[in-house]
Amino acid sequence: MNEEAVKNHPGGAVIEQYRNSDATHIFHAFHEGSSKAYKQVELLKKNGEHDERLERELEKRLDKGDVNVSVYDISVEQEKKMVESFERLRQRLHDDGLMTANETYFIFKSLSTLSIMAFAFYLQYLGWYMTSACVLALAWQQFGWLTHEFCHQQPTKNRPLNDTVSLFFGNFLQGFSRDWWKDKHNTHHAATNVIDHDGDIDLAPLFAFIPGDLTKYKATVEKAILQIIPYQHLYFTALLPMLRFSWTSQSVQWVFNENNMEYKVYKKNAFWEQATIIGHWAWVFYQLFLLPSWPIRIAYFLISQLGGGFLIAHVVTFNHNSVDKYPADSRILNNFAALQILTTRNMTPSPFIDWLWGGLNYQIEHHLFPTMPRCNLNRCMKYVKEWCAENNLPYLVDDYFVGYNLNLQQLKNMAELVQAKAA
């Protein structure tokens, strides 16, 4: 692909993640139901060139393990069989209707989540201010899951409609930029837990997950923060509620830089991205203005913001932080299914957890088939477990505190490395 085609990519920068790697299955995962995307890729295939030399070089890549960094050791022959087997699984799910959009389900989810937010406002009207703040925090969490699903094109096959709804739910109601989230999250999906690709594992300077993170502490302030990294597994939980402050501030920075970005799609979306983020903070501050005193305003703001942050953070830090990472040039990028399975942990399902976690307790199934409607993920689990057993891959699923402790263990591993280096 030439650079002009790359910069015009409707999905933005995520296309860069698979340079010199097999992007077949990640293309299927992201573009399910988009006839336009499949027509474009057929045109590219006709005009493209097959580089056998590059393919041979890719096959020779060997990973180097380290603290919290695993080695991908599946042979090229096994890999090819696995890729073909996964394609059969994908087709089987299509045939059994699990990839079919379910508009009725998402209409219900949208109305029920809007009702939670309306209930928060009603409680404020009644004078139940702190209860209202807690309910608003829950509404923001639930809108996070809904926006996530609309951005993944799950609810309908009408992509412009999905994008519009995600702008309203994400930017205006929740305060998270849709375009910022897509750029961050699609990259995470494309290269889950792959070093220098997946920004979700780059949490320096507050946390270090891999030895390579330690080279990032260069500024005076960062060097000072490095002194507390040996205790990161102790303060990790205390910082979970700060996630909403982090994501809303990143969203504000993103939308007001979109006009200057190199990707055409971001420049096109800039006005509405900015308008809806401004609209979000306008109603949030007006809601605070309606409260009777400054102490109540401050308490309401902190409870709703920190509560919303914790409700999202305790979910999004469970599935991948507790699993090892892979080197930046790992051949695992050529095996989409293995990449997602080896870097993802599910949370034990139940009807309550399915609702509270927005289906993200089925993270393995979601990463393999991101356009699959949430309501089908439980059924899909049986198919994926069988496929993992047939291909000798682990299927990681644990109760919350098991996964949480494994997350802390990853942080502790690096804390001990920093202590050893300082000794």
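**Figure 1. Overall fold of the predicted model.** The protein chain contains 19 helices and 2 strands, where helices (H or I, at least four residues) and strands (E, at least two) are DSSP runs numbered from the N terminus. This is a predicted model, in which local features need pLDDT of at least 70 and side-chain atom pairs count only at pLDDT 80 or more, while totals for chains, interfaces and linings use all residues. Residues are numbered from 1 along each chain as its sequence is written, and side-chain values use heavy atoms, with hydrogens and water left out. Of the 423 residues of the chain, 53% count as buried; buried means under 20% relative accessible area, exposed over 50%, and partly exposed in between (1.4 Å probe, protein chains only). The accessible surface comes to about 19,900 Å², and 60% of this area belongs to carbon and sulfur atoms. Accessible areas come from the Shrake-Rupley method with a 1.4 Å probe, and for residues only the protein chains shown count as cover. Among contacts (heavy atoms within 4.5 Å) between residues at least 6 apart in sequence, 73% join residues at least 24 apart.

**Figure 2. The salt bridge between Arg92 and Glu386****.** The structure holds 12 salt bridges, each defined as a side-chain nitrogen of Lys or Arg within 4 Å of a carboxyl oxygen of Asp or Glu. In the pair shown, the closest N and O atoms of Arg92 and Glu386 are 3.9 Å apart. Arg92 belongs to helix α5 (residues 76-95) and Glu386 to helix α18 (residues 377-390), so this pair ties together parts that are 294 residues apart in sequence. Both ends are partly exposed: Arg92 has a relative accessible area of 38%, and Glu386 has a relative accessibility of 32%. Lys382 joins Arg92 and Glu386 in a network of salt bridges.

**Figure 3. Helix α9 and its surroundings.** Helix α9 has 13 residues and reaches 18 Å from its first C-alpha to its last, close to the 18 Å expected at 1.5 Å a residue; the expected span is 1.5 Å times one less than the number of residues. Of its 13 residues, 12 are buried, so α9 is largely enclosed by the rest of the structure. The buried residues include Trp180, Trp181, His185, His188 and His189. At the N-terminal end, Ser177 caps the helix, with a side-chain oxygen 3.4 Å from the backbone nitrogen of Asp179.

Figure 4. Asp163 and Lys182 form a salt bridge in which the closest N and O atoms are 2.9 Å apart. Asp163 lies in helix α8 (residues 159-174) and Lys182 in helix α9 (residues 178-190), 19 residues apart, and the pair thus links distant parts of the chain. Lys182 is buried, with a relative accessible area of 18%. A salt bridge also joins the side chains of Arg178 and Glu273, at 3.4 Å from N to O. Arg178 is in helix α9 and Glu273 in helix α13 (residues 264-289), so the pair ties together parts that are 95 residues apart in sequence. Arg178 and Glu273 are both buried.

Figure 5. A polar atom of the Thr147 side chain lies 2.7 Å from the backbone oxygen of Phe143. Leaving aside neighbours within four places in sequence, Thr147 is in contact with Ser166, Phe169, Gly170 and Gln174. The C-alpha atoms of Thr147 and Phe168, 21 residues apart along the chain, are separated by 8.7 Å.

**Figure 6. Ser70 in the loop between α4 and α5****.** Ser70 lies in the loop between α4 (52-59) and α5 and counts as buried, at 19% relative accessibility. The side chains of Ser70 and Asp324 are joined by a polar contact of 2.8 Å. A polar contact is a pair of N or O atoms within 3.5 Å; within protein, one must be able to donate a hydrogen and the other to accept it, and residues adjacent in sequence count only if both atoms are side-chain atoms. Not counting residues up to four places away in sequence, Ser70 touches Asp63, Asp324, Lys325, Tyr326 and Pro327.

**Figure 7. A nonpolar surface patch****.** Phe119, Tyr122, Tyr125, Leu126 and Trp128 form this patch, with about 660 Å² of accessible area together. Patches are made of residues with over 30% relative accessible area and no salt bridge, like charges being joined within 9 Å and nonpolar side chains (Val, Leu, Ile, Met, Phe, Trp, Tyr) within 5 Å. Tyr122 is placed in helix α6 (residues 103-126) and is partly exposed, at 46% relative accessibility.
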